[in-house]
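Here are my notes on the model you asked me to go through.

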Amino acid sequence: MTHECSLLLPRVCAALADPRQHSSDDTCLEKLLDWFHLLTEFDPGVELLQDNPCLTEFIISVLALPEPSPSILSFTLQLAGILASSENRFQCLQQEQLLVRLFGSDGPLNSALWRDASVRSGWVNGVHSMMQHQAALQLLCSGGGMDVIFTLQGDPSLFVASAASQLLVDMLMLSVETEVTNPLSTKDCDWPACAQMIIKHIEDSLQSRSAARIEQSFKLLTSLFGSCRATWTEALWLGVAKQVESFLTEETVQAQCVLAKLLLEMAWSPVFYDTEGSFWMLVTSALAHLTPVQAGPLAVGLLKLCKCPEDVRIQALTVLLQPMDCILRATSQPLEYAGLLDESVSDPITVEGLLSSKSSCVSLLNQTLAHLEELLSWSPFPVDLPNTPLLRSLITILQFCNGFLSPASPLGSTLSRILIDSFRVQRSALAVVAALSNQKVCDTLIGSLFDVLLAYLESPNTSPTVLKKTFQATSKWLVHMQELSCPNNLWQKTEKILEDVFLVLQKRLCSPCWEIRDSSLEFLTDLIKCLRDQDEFKQSLLSSEVLKLTENLLEDPESYVRASAVTAVGHLAFITCFAPESPAIGDEYNKENIVAKLQEILSTDSEGFPRRAVINIFTQWVRQGCTGQLEETGQFVSQVIQTAEHDLDWEVRFGCLELVQDFCNQIFCQHLSPKCSPLSSPDTSSIHENELLQILCQAKLFSFLFRSLCDCDKILGQRACDILLGLSSYFYPFGTPRDLGKSVDLPAEHSIAWLQRTLRQGSLAQNFLTDGANGVDFEDPESMMLALGTVDLIELHDELNKSSDHVEQSPQSLLQDILATVGTTEENESDCY
């Protein structure tokens, strides 16, 4: 602790313990507690209390108050717990009987203040901090504290209840791991005293008829098995396993939901997944007895587990696919095609009953579809799914939802009424369809899939959110078809699909709904990114009206749409302008016209989104070498800088820095090899350096970079400094003498010295640099070479990367903030942070 902090701490403690103090800044108190946490971790000795007696005096003063404020009492409880985390300091506080008075029965437990949740929370957190040694365990066990924690498990405050449950877990682990030397059994005498109390509480709760107590014990066990992988957890489990298993056949719905989470947490523990027999039998019993809604999360969690036994994996997959199988069988003619499953785990009538009710049907299908999407996105892919029948069932669901399917079976008729226009199910089903695009399915089914997708794209009843999902699924499957070695008839169908897609896209780009215009442009951009090298795609695109409509949307009244149009036009340019053999499609689509239109948006658009999109597109063009030779690219970059450097949107300015970085990378890629070649002469290297500096200066890079160092948005200064450091290390390789600290005589050196001093002022120097820069010529290669070797960029880099927290959140500043905010009976009008 610094000398300044030692002087301030007594004043803070005195102010906080002042009887007139009824309010405080909770943010300051929380940060002060964090500070003490760090302090006690680095200094576990008793010297902290001996050197700062004001801490003990503060606790005594608060205890002496007839009615301290809840926030101060909560702070005191937590502070005492932090200080008592060391056994030495614990004993020191115990000598004064402070811990008993705070955490024992004579403390806040029996006062009116206990009704305040912040006091109960402070008590639990204080005890939790203290639980680092045996002495703290003994204090709680002998002083009646365990019963308090058991009660707080059911506290009306969820924060307090959760903290109490986690405290019991940590106390159980501390008790066993510090007192037990031999392997444990289920006999009570083998467990330490504290552990016995907690285990008995768990057993009594499980045997009670209280759903709340049963659920609390399940949550406690779930947390224990999730955080502790020690072998003794198996001994604890064997003592409660039969009681837990009995809940599978009871109607305690809450307990069954939490039971599924408990079993899943156990399955992921090596203590249980390496065992054979009873545990996995219980898991299979749970999969059979729980409802599909309850068993779904357990099933998908088991399927992600690599070491799950094969028979359990098959059963879990069956549980997951059963609703999809039921839908498929409800709509198929006898013997037309098989369902997804050979047999069911649970009674199909249960699933049919859930699917026959509107509320449960939508809920079950959404959960099932979400689990399937999660499983398909899991890497490595954990299980083989029946992809073709699964896709067929998804197509069936989508047909139900848009009214294209009216089967004769009773369940099918019910489903058609329930699912019509259910956009929640539509979105979920389309997400799984998109995820399935990476899997192999029967070729004959792909045509049916696109029929459904095109129907959704064409339908005026498709909501904007569902349409967006349809676009995403269509894009993924079009890309998938291009990647496959498809038979000729499927290639012909692909061309027809693309024609149909662009016809629909033309209509959607003219939609009165801006969300639809926006998602249509995003869809177009996705297609161009993936398919721009495919002849069939380019032919379909260029023969449609999509190019003209996209260009028109650059003037859309909605800024989001204008931004998406900029992105789409920028990617279209890869086909119309930058391809080796660009098609002849009219002068309006040539490079000069497109650049001019985007430049105009960058300089005139009133919203930030389109301007950011322009900078992003320009950066991609530079990155992919589409803007010509170096000199031509330099001119292009210069024009962009002159427009963007004064933009009020910091993201536009930051994007311009990214553009500069990519331009520099492109230059160095072309010139670095001869510079590094052992055959290159010094004269050759200097020619290259002069050439590079000339290009960089003509592009007005240095002016932009040095001014960005002083940008009021610090992230821009950091990025500009990184770029300048890269340039400096290129022109002054490691070991090259620099002019840092050199006395200056020449006019150019005087101006660079001024620049060095000015840059140290940070954002305060913005006006200086803008108003003339005191003779610094940012376009003179010699001056800029001198600047790169003279300005201490490393020092600037360190200053820019230094967080403001080093001032505002220092212990001394924190104590001063507390002194400024405590001692007032009125609520503070301003937050010190």
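This is a predicted model: local features need pLDDT of at least 70, side-chain atom pairs count only at pLDDT 80 or more; totals for chains, interfaces and linings use all residues.

1. Let's start at the surface: Trp514, Tyr560 and Phe609 make up a nonpolar patch there, with about 270 Å² of accessible area together. Patches take residues with over 30% relative accessible area and no salt bridge, joining like charges within 9 Å and nonpolar side chains (Val, Leu, Ile, Met, Phe, Trp, Tyr) within 5 Å. Areas come from the Shrake-Rupley method with a 1.4 Å probe, and for residues only the protein chains shown count as cover.

2. Residues are numbered from 1 along each chain as its sequence is written, and side-chain values use heavy atoms, with hydrogens and water left out.

3. Back to Phe609, which lies in helix α33 (residues 608-623); helices are DSSP runs of H or I with at least four residues, strands are E runs of at least two, and numbering goes from the N terminus. Phe609 counts as partly exposed because its relative accessibility is 33% (buried is under 20% relative accessible area, exposed over 50%, partly exposed in between, with a 1.4 Å probe and protein chains only). The charged end of Arg612 sits over the Phe609 ring, 5.1 Å from its centre. That label needs NZ of Lys or CZ of Arg within 6 Å of the ring centre and within 35 degrees of the ring normal.

4. Which residue does Arg612 meet in a salt bridge? The partner is Asp649, at 2.8 Å, N to O; the criterion is a side-chain nitrogen of Lys or Arg within 4 Å of a carboxyl oxygen of Asp or Glu. This pair links distant parts of the chain, 37 residues apart: Arg612 is in helix α33, and Asp649 is in the loop between α34 (630-644) and α35 (650-676). Arg612 is partly exposed at 28%, whereas Asp649 is buried at 10%. Shared partners join Arg612, Asp649 and Glu651 into one salt-bridge network.

5. Asp155 pairs with Arg120, the closest N and O atoms being 2.7 Å apart, and both residues are buried. Glu374 and Lys304 meet at 2.1 Å, N to O. Glu374 is in helix α21 (residues 358-377) and Lys304 in the loop between α18 (292-303) and α19 (310-331), so this bridge ties together parts 70 residues apart in sequence. Lys304 is buried at 11%, while Glu374 is partly exposed at 30%.

6. On to the rings: there are 21 aromatic pairs. Phe218 and Phe247 are edge-to-face because their centres are 5.5 Å apart and their planes at 80°. Rings of Phe, Tyr and Trp (its six-membered ring) pair if their centres lie within 6.5 Å, with planes under 30 degrees apart called stacked, over 60 edge-to-face and the rest tilted. Phe218 and Phe247 are both buried. Elsewhere, ring pairs link Phe225, Trp237, Phe272, Phe279 and Trp280 into a cluster.

7. Finally, the overall picture. The protein has 44 helices and zero strands, and 54% of its 833 residues count as buried. Of the contacts (heavy atoms within 4.5 Å) with a separation of 6 or more, 71% are between residues 24 or more positions apart.
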